[in-house]
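Please look through the sequence and the structure before reading on.

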Amino acid sequence: MREILGERRSNDNNNGLGDERAAADLGRALRRAALDCAERGWPVLPGVGAAPDGSCRCPRPECPVPGAHPDDPQLLTATTDRRMVRWWWQRRPSAPILLATGGRAPCAVSVPAVAGPGALAALAAHGLATGPVVAGPTRWSLLVRPYGLPELGELLSVQDRVPSSLRFHGEGGYVPLPPSPTGRGLVAWARKPAEPAAGQGGLPDVSGLLAALIEAGLSAPDQGSRLAY
């Protein structure tokens, strides 16, 4: 019995060490990724983060985006300053990375995760190249060149139908970036970005992708007005 109890304690200790190492590894990966964004000229800030049970650390009891939204600091403080980015993730090593979209930063178009692989296949079938693609737990986001609301409005006005499952992340918006942990799971790259030196290089224009993404969005279930990643 003593041997069994001793073995159990040993396993518990090893599991604890394993969890600590995994958390430390994730913290280092998040810090490197956040600094990589700053080097690209992509303004980022830490998200509020999720509790161990997957619930959001914010006070909303049914937060639609647990862990993956701004809190403190607010979205307007997103920065490319490497010193500030390093300080944030030293202070909060497990915080999700949020890209503040719009302005000079990339924008994004997102589809439900169930439609993500089909959307990429449709784009490839039309000979359209994508840039970086973020695979989130419930949504896939395609990063594109910055666009303004007037430009986006003109593009959408000539479409017969735009599904509500298709969402646009422009100025004032944000997208969680890999390897962010969220209350719904980890965020990963479906397609990685080019080297940081490329800056905005490798980002497509939203106009070239819109028709195929609308088609993919029409095939996905309507998620109503409730937000998601």
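A hairpin joins strand β4 to strand β5 through three residues. Helices (H or I, at least four residues) and strands (E, at least two) are DSSP runs, numbered from the N terminus. The model is predicted, and local features need pLDDT of at least 70, side-chain atom pairs count only at pLDDT 80 or more, and totals for chains, interfaces and linings use all residues. Residues are numbered from 1 along each chain as its sequence is written, and side-chain values use heavy atoms, with hydrogens and water left out.

Two strands pair if DSSP finds at least two bridges between them.

| Partner of β5 | Bridges | Direction | Opposite residues |
|---|---|---|---|
| β3 (residues 107-112) | six | antiparallel | Cys 107 and Val 144 |
| β4 (residues 133-135) | three | antiparallel | Val 134 and Ser 141 |

Is β5 (residues 139-144) mostly covered or mostly open? The strand is mostly covered, for six of its six residues are buried; buried means under 20% relative accessible area, exposed over 50%, and partly exposed in between (1.4 Å probe, protein chains only). In a regular strand the side chains alternate between the two faces of the sheet. In β5, Arg 139, Ser 141 and Leu 143 lie on one side, Trp 140, Leu 142 and Val 144 on the other, and both faces are covered.

**Two nonpolar cores**

A nonpolar core is a set of buried Ala, Val, Leu, Ile, Met, Phe, Trp, Tyr and Cys residues joined through side-chain atoms within 4.5 Å. The largest has 26 residues, and Val 85, Trp 89, Ile 97 and Leu 177 have the most contacts inside it. At least two residues of this core come from each of α1 (2-40), β1 (44-46), α2 (82-91), β2 (97-100) and β7 (174-177). The most is given by α1, with six residues. Contact means heavy atoms within 4.5 Å. Leaving aside residues up to four places away in sequence, Trp 89 touches several residues, including Leu 30, Ala 34, Val 44 and Ile 97. A second, separate core of 24 residues includes Val 109, Val 133, Tyr 147 and Leu 213.

**Cysteines**

How many disulfides does the structure hold? The number is zero, where a disulfide is a pair of cysteine sulfur atoms within 2.5 Å. The sulfur of Cys 56 has its closest cysteine sulfur in Cys 58, 3.4 Å away, which is too far for a bond. Cys 56 counts as buried because its relative accessibility is 12%, and Cys 37 counts as buried at 5%.
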